[in-house]
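This briefing covers the strands, helices and chain contacts of the structure shown below.

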2 protein chains.
Amino acid sequence: MEEILINYLSKYITITDELLLAIKESGFIKNFSKGTVLLSEGDLSNECYFILKGCVRCYYNKDGDEKTTDFYTEEQVVISSSYGKNKPSEHYLECVEDTVASVGSPELEAEMYHRFPQLESLARILGDVMMSKYQDTLAEYKIASPEERYLNLLKDRPDLMQRVPQHQIASYLGIKPESLSRIRKRLLNKQK
Amino acid sequence: MEEILINYLSKYITITDELLLAIKESGFIKNFSKGTVLLSEGDLSNECYFILKGCVRCYYNKDGDEKTTDFYTEEQVVISSSYGKNKPSEHYLECVEDTVASVGSPELEAEMYHRFPQLESLARILGDVMMSKYQDTLAEYKIASPEERYLNLLKDRPDLMQRVPQHQIASYLGIKPESLSRIRKRLLNKQK
């Protein structure tokens, strides 16, 4: 499994033998069964995850309602906005599939950046990539109609439709499950 | 003006005399008049900005309509999601006030990170801070009702209400100007 991580890292930096060994020795790859809650509202977040296989959902509990705000799948980084900040999380992180992830912590990060400064350059670059993604997602969410949001999701992450329940997809798109059904029916009729 | 930048940086890293000199000599602080368009749809983005004074608005042109997605003010970094990526921008960046900013470029960044590795650590930390902010903003936007969004904005950025036109605030909140008026009236009546 760690080959996936190493392949991913090698897109951005040169993996020296020493770094390779450190990754293999650190043993920070873990398995989580479907349903595992990685983080609960009110908890401190001291772990971040690079998903090798599986799917993690982020949701908020608003007046008893689960509001899904994100799905993370292969080669994505799951990092709570409260990670390492010593303030209680406002959301939940839950494995919606059996998940294999490489697990990081502020301490491990600090140690690895110290030993391998190129990892800190990489973290900066990946941070930039993720920030751009969030910027674009936020802008798109503000600008697009619900139907456009659905079509964009179909285009960008077609696998999600098969992997997670429809009511979670609807919540993620900011619409009611009935509205999602209507949108799908309307688009299906257009295709005929 | 560069004192603002140096004060800001010194919250995170030690400013050595050499770094201080490099900042002063690089002369990357520029003035932009109100109305200046820093980036247009279709352009390549090769500049990022740290705002020392003023306000920059990000907007998209959707079918002839301006959709405002962000406002940047003092001590905020304006960085297009297309910055340094050699792909056309999908949005505009416009100064809505006379603005003073420290201007960066991919080349200047690379040179400064090479000369002052602590700046790259700082960039990683600030990138993390900004990413968390975007994550929270996106989640809040998805979860909150329009009235809650307005109240959150009032709480978090009260100055914006005085600095930018109401129709841009409405657009930023994802609602029509009439809806914003209604929300304000309703809240005013509650206070009575």
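Which residue in E5(A) does Tyr60(A) stand opposite? Tyr60(A) stands opposite Lys67(A) in E5(A). The model is predicted, local features need pLDDT of at least 70, side-chain atom pairs count only at pLDDT 80 or more, and totals for chains, interfaces and linings use all residues. Residues are numbered from 1 along each chain as its sequence is written, while chains are lettered from A and ligands numbered from 1 in the order in which they are written.

**Sheet in chain A**

- An open sheet of 4 strands in chain A runs in the order E2-E7-E4-E5, with antiparallel pairing; strands (E, at least two residues) and helices (H or I, at least four) are DSSP runs numbered from the N terminus, and two strands pair if DSSP finds at least two bridges between them.
- Strand E2 (37-39) and E5 of chain A are at the edges and have a single partner strand each, so one side of each has no neighbour in the sheet.
- From one strand to the next, the twist averages 30°; angles run from 0 to 180 degrees between N-to-C directions, and axes are lines fitted to C-alpha atoms, for helices over the stretch in contact.
- E4(A) and E5(A) are joined by 7 bridges in the antiparallel sense.
- H7(A) packs on this sheet and touches E4 and E5 of chain A, its direction making about 85° with that of E5(A); residues are in contact if their C-beta atoms, placed from the backbone, lie within 7 Å.
- Helix H4 (residues 117-143) of chain B also packs on the sheet, where it touches E4 and E5 of chain A at about 140° to the direction of E5(A).

**Helix H7 of chain A**

- Ala170(A), Ser171(A), Tyr172(A) and Leu173(A) are buried in helix H7 (residues 166-173) of chain A; buried means 20 or more other C-beta atoms within 10 Å of a residue's own, exposed means 12 or fewer, and partly exposed lies in between, with C-beta atoms placed from the backbone.
- These buried residues of H7(A) pack against E5, helix H5 (146-156) and helix H8 (177-191) of chain A.
- Gly174(A) follows H7(A) and has a positive phi, near 75°.

**Contact between the chains**

- In total, 25 residues of chain A are in contact with 25 residues of chain B.
- Strand E4 (56-62), strand E5 (65-72) and helix H4 (117-143) of chain A each supply at least two residues of the side that touches chain B.
- H4(A) gives the largest share of that side, 18 residues.
- By class, the side of chain A that touches chain B has 9 nonpolar, 9 polar and 7 charged residues; Ala, Val, Leu, Ile, Met, Phe, Trp, Tyr, Cys and Pro count as nonpolar, Asp, Glu, Lys and Arg as charged, and the others, Gly among them, as polar.

**Strands in chain B**

- A further open sheet of 4 strands, in chain B, has the order E1-E8-E3-E6 and antiparallel pairing.
- Its edge strands are E1 (29-32) and E6 (77-78) of chain B, each pairing on one side only.
- Strand E3 (residues 48-53) and strand E8 (residues 99-104) of chain B pair over 5 bridges, and Tyr49(B) has Val103(B) in E8(B) as its bridge partner.
- E4(B) and E5(B) form a hairpin with 2 residues between them, and Asp63(B) in the turn has a positive phi of about 50°.
- In E5(B), Glu66(B) is the bridge partner of Asn61(B).

**Helices H1 and H2**

- Helix H1 (residues 2-10) and helix H2 (residues 17-26) of chain B pack at an angle of about 145°, with their axes 11 Å apart.
- Glu2(B), Leu5(B) and Ile6(B) in H1(B) meet Leu20(B), Ile23(B) and Lys24(B) in H2(B).
- That contact has 4 nonpolar, no polar and 2 charged residues.
- In chain A, Ile13(A) lies in the loop between helix H1 (2-10) and helix H2 (17-26).
- Ile13(A) counts as partly exposed because 14 C-beta neighbours lie inside 10 Å.
- Apart from its neighbours within four places in sequence, Ile13(A) is in contact with Gln118(A) and Leu122(A).

Definitions and conventions
Two residues are in contact if their C-beta atoms, placed from the backbone, lie within 7 Å.
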